[in-house]
Amino acid sequence: MNTYIALLRGINLGSHHKIKMTELRASLEHVGLQNVQTYIQSGNVIFDTDINGKEKIQDVVHAVILKDFGFDVPTLAITREAVESILKNNPFADEEENRLYFVLLKNPPEKSLVDQFKEQKFDNEDFHITDQCVYLVCKKGYGNAKLNNNLIERKLKVEATTRNLKTMQKLLEMTAKD
């Protein structure tokens, strides 16, 4: 069994794509995922599975949500080791915790798009791009940031979902084996 984290983008935001976590857990268990846990209402799911490969897992979780809830929700699967690596390699680790955000990328962006993006400047915001994450520092908070998930997806032509430092740390904690 492998432990994975599925990150769902855009659920339970206001009245948009409402999914009760108890129902989501039941749906995922129904297709064979085991030890399904959720963290907060914004689409963080931890589970064990025999399925190999994050692409297959993303497809399974995406299909379950589409079938059972009727939503086409972008889904990104990631391992505990990947979360650990992202946190360990954070170039902004010295910044205040409440200013740190991680835009997790479904696929690596094209180098030419990354090079173009690196030319941009944002007041009170900084970023660093890797193949699996865009690290963000938002000095006035993510809610006020111009450099956000939608902009990153559009400019880098990738699917992505954003989590704050506290959520990333909690997901790492929840996937720790006793």
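**Ground rules**

I number residues from 1 along each chain as its sequence is written, and I leave out hydrogens and water, so that side-chain values use heavy atoms. Because the model is predicted, I ask for pLDDT of at least 70 for local features and 80 or more for side-chain atom pairs, while totals for chains, interfaces and linings use all residues.

**Cysteines**

I looked for disulfides, meaning a pair of cysteine sulfur atoms within 2.5 Å. I found 0. Cysteine 133 is in no disulfide, and its nearest cysteine sulfur belongs to cysteine 138, 12 Å away. I then checked from the side of cysteine 138. Its closest cysteine sulfur is in cysteine 133, and 12 Å is too far for a bond.

Next I looked up burial. I call a residue buried under 20% relative accessible area, exposed over 50%, and partly exposed in between, using a 1.4 Å probe and protein chains only. Cysteine 133 is buried at 0%. Cysteine 138 is buried too, at 2%.

**Strand β5**

I took strands as DSSP runs of E, at least two residues long, and helices as runs of H or I, at least four, numbered from the N terminus. Strand β5 covers residues 100-105. How many of its residues are buried? I count 6 of the 6, so the strand is largely enclosed by the rest of the structure. I checked each face. Leu100, Phe102 and Leu104 are buried on one side. Tyr101, Val103 and Leu105 are buried on the other.

Which strands pair with β5? I required at least two DSSP bridges between strands. Strand β7, residues 133-138, pairs with β5 in the antiparallel sense over 5 bridges. Strand β8, residues 160-164, also runs antiparallel to β5, joined by 5 bridges. Valine 103 stands opposite valine 134 in β7. In β8, threonine 162 stands opposite valine 103.

**Threonine 162**

Threonine 162 is buried, at 16% relative accessible area. For polar contacts I took N or O atom pairs within 3.5 Å; within protein, one must be able to donate a hydrogen and the other to accept it, and residues adjacent in sequence count only if both atoms are side-chain atoms. The side chain of threonine 162 makes one with that of asparagine 149 at 2.7 Å. Another joins it to the side chain of tyrosine 142 at 3.4 Å.

Last, I listed contacts, meaning heavy atoms within 4.5 Å. Leaving out residues up to four places away in sequence, threonine 162 touches Tyr101, Phe102, Val103, Tyr142 and Asn149.
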